[in-house]
Amino acid sequence: MHEQLHLTTEWVGILSLLVFLVGYYFIATEDTYHINKAKPALFAGTGIFILIGIYIAMSGDAKLGDHLHHGVNHLILEIAGIFFFLYVAMTYIEAMIDRGVFSALRYKLVSSGYDYKKLFWVTGFLAFFISPVADNLTTALILSTVLITIDKENKAFIIPAAVNIVVAANAGGAWSPFGDITTLMAWVAHKGSFTDFLYLFPASILGWGITAFLLSKYIPEGKPPFAEGEKPVEIAEGGKVIMGLFGLTIFLAVMSHNALHLPAMWGMMFGLAILKLYVFHMNRKQRKLSEDGIAEPIKVNAFSWIAKIENDTLLFFFGILAAVGGLHFLGFLEYFTALYTQFGATAVNIGVGFLSAIVDNVPVMSAVLKSNPDMGADAHAQWMLVTLTAGVGGSMISFGSAAGVGVMGKLHGIYTFSSHMKLAWTVLIGYIVSVTVWYVQFQILGIGA
């Protein structure tokens, strides 16, 4: 184990921090400059390590070079785990879009006569209860896809509904050990047992419920467009099987991590292999039927699904995680952990939620776990608090969580940093409610502590 470096006051530290801040500025002002968020994130992430490499090369310190080599290798493993997990999840979503799964769901929701407000609550409810199983990012991607198929022209409906889905997915993921990357990290680090995280359910659902209630005031009256003669949409051949394979893939990811001592992405990639084998089977079956004159020849191409995934979202994650990893390597992320001694665990853990929104909840939670600060006498309750705040705090800014970034990619140009910030006050109130519920439950009543 290498000791933490402290290069924050060296030229490499100052310049790297400046690169990060400039990159962050262009990420936050994506709408103003019309530059995709992946570009500044990727530039900052790779640029910081180039600067570190130049600094070490100039120093001629072989030991420092070895430290960088091991640090970057470890970071690559962390990023690859997230990168390939998202890669497979996005491929499955594109496969289900191609097979008409979401169009069929849209038809059922709209043809049932639901108005915008009811659709708002149904999608939020689904997000909250699917994310503990399927993870918050996958859930947010699925339901944001449903949103845009309902009525892609009505921004007055889509924007608050998208914020609701992000908040619900993050809140739902916070009370499950594998519902969010941050909770998974805390669980793996033995900061709580499987059932310990379930005690965060009241704080999660009440916080989301308050935010959803406030957001619902912005939902317009009326119903989405639905022509009387609109034909029912049926799921295309293979669609239901692919849905089942997606569920199996999520299960394989969980089991890979929990029981097989493999990273979750390994199970996801195995699930992708199964999907491609199933597509081969479909094409072989179709070819035989067409040769016999029973059906028209139809070829399903799995690579066409892969081609449609949001590569900008994947590159954004690579860039932002690399950038924060660079700041951690230089010693910047060690500063805030010293605050635990000065201000106390409760105050700092609440602040972690705000930091998660600004930086991204995954690297912030990683920094807290790596530094392993003294949480005091009620350490268990405090670790549950920081798990909660890191999970739900990321919702306060659009790119503060994986779910938010995923929805920004899926609803490009509609759900943006600026559109989210106009409604961020509702998320802040929900965050305060969640923390208050935690305090009453864990500190006053002693339930789950």
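Me: Is His34 buried or exposed?

Reply: His34 is exposed, at a relative accessible area of 71%. Exposed means over 50%, buried under 20% and partly exposed in between, with a 1.4 Å probe and protein chains only. This is a predicted model, where local features need pLDDT of at least 70, side-chain atom pairs count only at pLDDT 80 or more, and totals for chains, interfaces and linings use all residues. Residues are numbered from 1 along each chain as its sequence is written, and side-chain values use heavy atoms, with hydrogens and water left out.

Me: Where is His34 found?

Reply: His34 is in the loop between α2 (30-33) and α3. Its phi is positive, about 55°, although it is not a glycine. Most residues other than glycine have a negative phi.

Me: What phi does His261 have?

Reply: His261 has a positive phi of about 60°, and it is not a glycine. It lies in the loop between α12 (239-258) and α13 (264-291). His261 is exposed, with a relative accessible area of 74%.

Me: And which residue has a positive phi just after α9?

Reply: That is His190, with a phi of about 60°.

Me: Which residues are buried in α9?

Reply: Helix α9 covers residues 181-188, and Thr182, Thr183, Met185, Ala186 and Trp187 are buried there.

Me: Stepping back, how many helices and strands does the protein have?

Reply: There are 22 helices and zero strands. Both are DSSP runs numbered from the N terminus: helices are H or I with at least four residues, strands are E with at least two.

Me: How compact is the protein for its length?

Reply: Its radius of gyration is 23 Å, close to the 22 Å that the globule rule gives for 449 residues, so the protein is as compact as a globular protein of that length. The radius is taken over C-alpha atoms, and the rule is 2.2 Å times the number of residues to the power 0.38. The C-alpha trace spans about 70 × 50 × 45 Å along its principal axes.

Me: What share of the residues is buried?

Reply: Buried residues are 54% of the 449.

Me: What about contacts between residues 24 or more positions apart?

Reply: Such residues account for 80% of the contacts with a separation of 6 or more. A contact means heavy atoms within 4.5 Å.

Me: New topic: how many aromatic pairs are in the whole structure?

Reply: A search finds 22. Rings of Phe, Tyr and Trp (its six-membered ring) pair if their centres lie within 6.5 Å; planes under 30 degrees apart are stacked, over 60 edge-to-face, and the rest tilted.

Me: How are Phe49 and Phe329 arranged?

Reply: They form a tilted pair, 6.4 Å centre to centre with 55° between the planes. Phe49 is in helix α3 (residues 38-59) and Phe329 in helix α15 (residues 311-330), so to speak distant parts of the chain, 280 residues apart. Both Phe49 and Phe329 are buried.

Me: Why is the pair of Phe129 and Phe201 tilted?

Reply: The ring centres are 6.4 Å apart and the planes are at 45°, so the pair counts as tilted. Phe129 sits in helix α6 (residues 116-134) and Phe201 in helix α11 (residues 201-216), 72 residues apart. Phe129 is partly exposed at 34% relative accessibility, and Phe201 is partly exposed at 27%.

Me: Which residues do ring pairs link into a cluster?

Reply: The cluster holds Phe120, Trp121, Phe125, Phe128, Phe129, Trp175, Phe201 and Trp208.
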